[in-house]
Amino acid sequence: MQINLIDRDLYATAGPPHDQLAWLRANSPVHWHEGEPGFWAVTRYEDVVHVSRHSDLFSSSRKLALFDEMPEEQIALQRLMMLNQDPPEHTRRRSLVNRGFTPRTIGALEQHIRDICDDLLDKCSGEADFVTEVSAPLPLYVICELLGAPVADRDKLFSWSNRMIGSQDPDYSDSPEEGSDAAMEVYAYANQLAAQRRANPKNDIVTRLIQPNEHGETLDENEFDLFVLLLVVAGNETTRNAASGGMLAFFEHPDQWDRLVADPTLAKTAADEIVRWVSPVNLFRRTSTADQVLGGQQIKAEDKVVVFYSSANRDTTVFPDAEVFDIARDPNPHIGYGGGGAHFCLGNHLAKMELRILFEQLARRRPRLRQTGPARRLRSNFINGIKELPVTIG
Ligand code: HEM
């Protein structure tokens, strides 16, 4: 079988190449993937978890966790972010930001998220684009709430986020430099926001994160700005595309939609099944720190190793009926939020809550939602994204 797991045009037309990934899991689970640079493609659940949990053997800091076809300036900025660091530097920063994302802190946002969903659903009717009307604004408004950003800044954040993540998609960006410029603008914006909160503290997560913890430690100014930049990308595009991809999955499996409409409390398990099924984050990259064996292959120090969550989440040794979209699946040990290591998704409680509330409200309030045209996919091998999903709201 011809293997190309990074061809962006392929993702733009058909989404993740599940046939190739299934072939690799069965025949070459740790596979040398030609390219510039070449890398080991890791496709089985067990191996993805192993790589994720051993940051001493598979570093996030030696090279970026993403493919680094980006301008130098953006690479330099990326290298400073928590996502691209290893313990102990990563551990210190992570423990400082964890306090903003505990189940309790996030749980307190439940009513607010319900109100946002209600508002969005109140506003849309008739023919609409689900992405523009529902799945894009929801996480964006939630991030603005976390940041204490004024409502007037939502459009700016929306455009920055699209330009960063869509830097390889001509609909969002004319050149990779645009993504880099957008990142610099968010970085400057975060700086202003922090200055305002220092001068005028509020009851939001930003204020909490710029204050010292119980040991008197805090993120320095630069670390804080970088964290906001990370949040804008990590918290927006992922949840947006989980919601869009989840909606598309329901259109493709109308029996599951009928099931949710009959019992909207299934939105709780559906929120996990959607993330398993869609795997909004397709992959992350690590660099091997030593000569070592993985999945029977001899890997050399400095080799690039790419874990494919989209593949691990369809591994039949863990999910016997992996090709079935089953919104009541329980247990559901998917690794759409990461394989459980140091970088495990900081926003997982928040994302789950947003998806649960959104799909519960959709099923209750918009049971006749229908797709009216083809979904248009993002040209990206990193985010499994949908740019447009025409619907009639009913
Ligand atoms: C990291 C997925 C939503 C913030 C990650 C990772 C994945 C992921 C796969 C990397 C895990 C690893 O390397 O082991 C997702 C998905 C989401 C989602 C699928 C939605 C369905 C969010 C939200 C936020 C967020 C809502 C914040 C508001 C982060 C941050 C990191 C991260 C800050 C980096 C953590 C670190 O380096 O320690 N996410 N995420 N994510 N996510 Fe999410």
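Residues are numbered from 1 along each chain as its sequence is written. In this predicted model, local features need pLDDT of at least 70, side-chain atom pairs count only at pLDDT 80 or more, and totals for chains, interfaces and linings use all residues. The secondary structure of the protein chain comes to 18 helices and 12 strands. Helices (H or I, at least four residues) and strands (E, at least two) are DSSP runs, numbered from the N terminus.

**Confidence**

- The protein chain has a mean pLDDT of 93, and 100% of its residues reach 70 or more. pLDDT is the predictor's confidence in each residue, from 0 to 100.
- For the complex, the predictor gives an ipTM of 0.99 and a pTM of 0.96.

**Overall build**

- Taken along the principal axes, the C-alpha atoms fill a box of roughly 55 × 55 × 40 Å.
- Of the 394 residues, 48% are buried. A residue is buried if 20 or more other C-beta atoms lie within 10 Å of its own, exposed if 12 or fewer, and partly exposed in between, with C-beta atoms placed from the backbone.
- Among contacts with a separation of 6 or more, 72% join residues 24 or more positions apart. Two residues are in contact if their C-beta atoms, placed from the backbone, lie within 7 Å.

- Strand 1 (residues 30-33) pairs with strand 2 in the antiparallel sense over four bridges. Two strands pair if DSSP finds at least two bridges between them.
- His31 stands opposite Ala41 in strand 2.
- Five residues lie between the strands of this hairpin, where Gly35 takes a positive phi near 160 degrees.
- Strand 2 also pairs with strand 8 (residues 304-308), in the parallel sense, over three bridges. Here Trp40 has Val305 as its bridge partner.
- Strand 2 (residues 39-42) is covered on both faces: Phe39 and Ala41 on one side, and Trp40 and Val42 on the other, are all buried.

- Three strands form an open sheet in the order 4-12-9, with antiparallel pairing.
- Strand 4 (127-129) and strand 9 (370-371) stand at the edges with a single partner strand each, so one side of each is left without a neighbour in the sheet.
- Two bridges join strand 9 to strand 12 (residues 390-392). Gln371 has Val391 as its bridge partner.

**Covered helices**

- In helix 9 (residues 137-147), 10 of the 11 residues are buried. Gly148 follows, with a positive phi near 65 degrees.
- Val51 lies in helix 3 (residues 45-53). It counts as buried, with 24 C-beta neighbours inside 10 Å.
- Not counting residues up to four places away in sequence, Val51 touches Val42, Phe58, Arg286, Val305, Val307 and Gly339.
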